[in-house]
Amino acid sequence: MAGLPKQNIYMMSFKKAACGLRMAAIFVCLLVLNVFAGVGTTGAEFLKVNVGGRASAFGGAYTAVSGDVVSAQYNPAGIAKMEKRELVFMHNEWLVDTRYEFLSFGMPVRNGAVALSIRYFDMGSFTGRDTLGQRTNDFKANDQAVSLSYAASFNDILSLGFSVMYVEQTIDSRSSNGIAADLGVNAEVIPGFLSLGASAMNLGPKMSAFENEKMDLPKSYNIGFAMTPSESSVLLTGDLSVPQNEDPYIALGMEYDVLGLIAVRGGANIGSGREGELSWCMGMGLNIWNYSLDYSFEPIGELDNTHRVSMSVKF
């Protein structure tokens, strides 16, 4: 744009921003309309579990956070501005001796990024009983999902993304499966200071049934912000989530970064979507060169305490 008057340059930047925000507003309106599209019994509840040590310590308030491969699990548009290839693995000691594993790889491509992710929820072994209560063979139960994500940046402000996912739940020799999609938008409305995001997660037809009744996917509609005060090491995030068959709830997160080496984090969920109570979580991260180690702790009422550890490398 060499040689153009400053007034014209400013006008072009303003038009680009207005166009990006208009597209984002249309997307959010579509999300709101879909929230009221109907409810039913949901399956694949394991898709609601937060993944990533960092994102989990934020209480899942990650819809507007971008730049890492985990962000695709909250808003597929978040990976659009990945600058390096990234591999991340998470282990989660979940409730009642169950375990949740997550593996994801993402890489930048022209004008965007792609990511491949795997979730695996192991519920362990169970004792089989016949109709008379007599012990039979033991059996196992597990859930898994594989997703492919793509996101693109259309200008310095607007990014759009989507994911397609195969979901399967298995109990002994029986299984239920389905196909899902995620949609997302991210807008960096004030560069370096404020980003807004919106996502529609787990969209798709009913899953095939274990018995006769088919189950809806656990759809969720989310809007959020991520804010970094000027020249600050603090990141503040917030989400409003509307899950299917549950009341809306608010998630809030905060991170304080010390010299780019150590990060201290905390988060909270407020609202009846979380049984009407205030739940909290906390965690920390260690960054050395291109390697990161993240931990989060979350007590879940009287059920148990959960621990997530994730490791990532960028290259």
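The questions and answers below concern a predicted model.

User: Which element has the lowest mean pLDDT?
Analyst: Local features of this predicted model need pLDDT of at least 70, side-chain atom pairs count only at pLDDT 80 or more, and totals for chains, interfaces and linings use all residues. Residues are numbered from 1 along each chain as its sequence is written, and side-chain values use heavy atoms, with hydrogens and water left out. The mean pLDDT (the predictor's confidence in each residue, from 0 to 100) is 85 for the protein, and strand 7 (residues 194-203) has the highest element mean, 98. Among the elements (DSSP runs numbered from the N terminus, helices being H or I of at least four residues and strands E of at least two), the lowest mean, 43, belongs to helix 1 (residues 6-35).

User: Is Ser 312 buried or exposed?
Analyst: Ser 312 lies in strand 14 (residues 304-314), and its contacts (heavy atoms within 4.5 Å) beyond four places in sequence include Val 88 and Tyr 291. Buried means under 20% relative accessible area, exposed over 50% and partly exposed in between, with a 1.4 Å probe and protein chains only. Because its relative accessibility is 12%, Ser 312 counts as buried.

User: What distance separates the C-alpha atoms of Ser 312 and Val 88?
Analyst: Ser 312 and Val 88 are in contact, although they are 224 residues apart along the chain. Their C-alpha atoms are separated by 4.1 Å.
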